[in-house]
Structures are given as C-alpha cells and as structure tokens.
Amino acid sequence: MSYDTIIVGGSYAGMAAALQLARARRRVLVIDEGIRRNRFAFHSHGFLGQDGRPPGDIAAEARDQLMRYPTVTWETGRAEKAERTDNGFRITDADGRSREGRRLLLAVGVVDDLPPIPGLAERWGRSVFHCPYCHGYELMQGRIGVIAVSGQSMHHALMLPDWGPTTLLLNGTFEPDADQSAHLARRGVVVETDLITGIGGEPAADPGTEPVKVTLAGGRRLPFAGLFVLPKSRVASPLAAQLGCMSEDGPLGAHIRTDAMQETSVPGVFACGDAARAAGSVALAVGAGTMAGTALHRSLLFCDDAELFARR
Ligand SMILES: Cc1cc2nc3c(=O)[nH]c(=O)nc-3n(C[C@H](O)[C@H](O)[C@H](O)COP(=O)(O)OP(=O)(O)OC[C@H]3O[C@@H](n4cnc5c(N)ncnc54)[C@H](O)[C@@H]3O)c2cc1C
C-alpha cells in the first residue's frame, strides 16, 4: 500500500503535520522511535495551554487525539533508509520492512551533544538547561551559572541576568575581550576563569529546589539554583542527507534547509520542527508542523506527481 505521506518522527512537529493531513482525510503513516529531545525534563514550559505539564503527557494526549482519525497508521521503530521511487519515496526500517508514500515529511528532531563535564549529563533537563525561556522562570531568581562552550556563550551570559544573578564559567573555552568584559559587567555578570572539574548536588525533582554545585580546579564549590549551557546539536537521522536535501548552518549546528512552506530542496520532501530550524521549542515545532501538514496537502492536491518528480 502506498500512503499519501510518510512522516518520520511522531513527536510535536510530526504529529501536528499528521493532524492536518488526517483532517483532510489523507492516508498518513507515522514512523516514530519515541526518543523526544525533551525526555529528560520533568516539566515543559512556554507552550500555550500546556504550560508546566510533563512533556510526555503533552505528547501522549496529542497521540491519543491523532489516532482517533482512521486514516492514520502508527508504526513504532526507526526509519533507516530513504530512497526516491518513480512515484514518490520509499522508507525502510531497521527490520528491513519498506513503506512507500507520495510525499515524505522529516520531523526527526535533533540530538544534543553535551560537553563531557563529569556530572553534567545526569542533570540535563533537571538542573542543567539550554533554554532560559523554557526553564529560567522556575529558578525563582536564584543564582545561575552559564557554562561556556565557545564565544557564543556570551549571548547566553548576557541574557540570563533577567532570570537571576549570573556567573559565566569560562572553563578554558574563550577569553572575553575588553568590550565583552565591559558588557558583562554592565549586566552584572561575574566571570570565573578556573576550569570546571565536575558538577554535583542531587539531581532536583523540581528545578531550583536543590542547589547544583560546580567544583572548580583548586577545589572551590559554587552553588547555583541552575546551570545553562549551549550544546552543539545535529539532525537526529541521516534520511535528509540520503535524499540529497540541502542543509544550513546555524549557530549550534546544521539543520535541514526548507522554504517558508517547509519544503526542502528536494521536491516532495518536507521537514519541520527542530530538525529544520536553528533553535526550537514545542510551540515552534507545532507551528511548523501545522504549516508542513497544510503545505503537504496542497502539494498532493495541486502538484502533478510526474512533473514534481521530474524536477528531482
Ligand atoms: C532538556 C530539554 C528541555 C526542554 N524543555 C522545553 C520546554 O520546557 N519547552 C519547550 O517548548 N521546549 C523545550 N525543549 C525543546 C523541545 O524538546 C523541542 O523543541 C521539541 O521536542 C521539538 O519537537 P520535534 O517534534 O521537532 O522533535 P522531537 O520532540 O525531538 O521528536 C523527534 C522524534 O523523531 C523521532 N525520530 C528521529 N529519527 C527517527 C527515525 N530515523 N525513525 C523514526 N523516528 C525517528 C524521535 O525518536 C522523536 O520521537 C527542551 C529541550 C531539551 C533538550
């Protein structure tokens, strides 16, 4: 059986697209491995109407609602290979099973490559975060540490005083110049130059309730309500690259390039969510997924398949 659209990635972006297509009575296959980017966090913030809910609950409720539409099929598993066919696209999963669709949507998200500081990975999403809008408020204006990874951490350090008194922990990554030092001082940011040897303290059940402790070379331990770091990220699957979709460099890593309708450089292949933007959130993923779903529907309606695939 050929589907109107195969969607790889069934989280916020993929499900938002699937919902639009399902409501247009189109046959949609969602293939999802179930490894959401925010699975480490206890609570999700900043998504209107769902503020403060566990991120898994938001996704589970969305899936329940989506699966009430009879034209949606869900498969749990990992899509390993994407190919063009004469009539569309073929996706093959890890067990070697193939599925075909007239259009393809990649909503695969990204993987965060965390800096290898002992104790950091265990606290990711609990007391170590990347997005101040998502997790800054809950620190209740307590002391905040920004772990530098490169000169881009300047931006982070200059933003975070709006959420609490901020220390920039350089950890040997870069040295602010005179202008940058003056800017940090104007924002009240304290700068620590000693290397970080580890992060301790109990991983908190509620962010901000348990101080996280940064140990510096020389033995000093600095307590913080929370830490922020900007990890590099990469698209979570090679499917776009296999199809020859162009990518674009963002400040934290490459993402899939799309036009305003979420179509990639390969006609008939769409992408949305974190995989297709420089910085993401649940709200932005849902918005882009909604756009992708409606654009995909129009592509099915108004683009002649033979002409479309001749352009690839
Ligand atoms: C620690 C942390 C906390 C966060 N907190 C917040 C917050 O409070 N508020 C907020 O708005 N945002 C938050 N975010 C950001 C948020 O997680 C992302 O913006 C959002 O998850 C993006 O949705 P998405 O659908 O694009 O990708 P994801 O939610 O990452 O989902 C991608 C899906 O695709 C699947 N997939 C990937 N490759 C394949 C494949 N080959 N085959 C099958 N399936 C595949 C994955 O398994 C996954 O289910 C947080 C992020 C992190 C890291």
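By class, 17 nonpolar, 11 polar and four charged residues line the second largest pocket (Ala, Val, Leu, Ile, Met, Phe, Trp, Tyr, Cys and Pro count as nonpolar, Asp, Glu, Lys and Arg as charged, the others, Gly among them, as polar). The model is predicted: local features need pLDDT of at least 70 and side-chain atom pairs pLDDT 80 or more, while totals for chains, interfaces and linings use all residues. Residues are numbered from 1 along each chain as its sequence is written, and side-chain values use heavy atoms, without hydrogens and water.

Of the 32 lining residues, His130, Leu230, Leu252, Ala279 and Gly280 lie nearest the pocket centre. A pocket is an open set of points on a 1 Å grid over the protein atoms alone, where a 1.4 Å probe fits, with protein on both sides within 12 Å along at least five of seven lines; lining residues have an atom within 4 Å of a point. Domain 1 (2-111 + 232-310) and domain 2 (115-229) each give at least three residues to this lining; the bounds come from an automatic or database domain assignment.

| Item | Value |
|---|---|
| Separation of the centres of domain 1 and domain 2, over C-alpha atoms | 33 Å |
| Area buried between domain 1 and domain 2 | about 920 Å² |

Buried area is the accessible area (1.4 Å probe) that two parts lose on being put together, summed over both. Carbon and sulfur atoms give 54% of the area between the domains. In domain 1, Phe40, Phe42 and His45 lose the most area to domain 2, together 59% of what that side buries.
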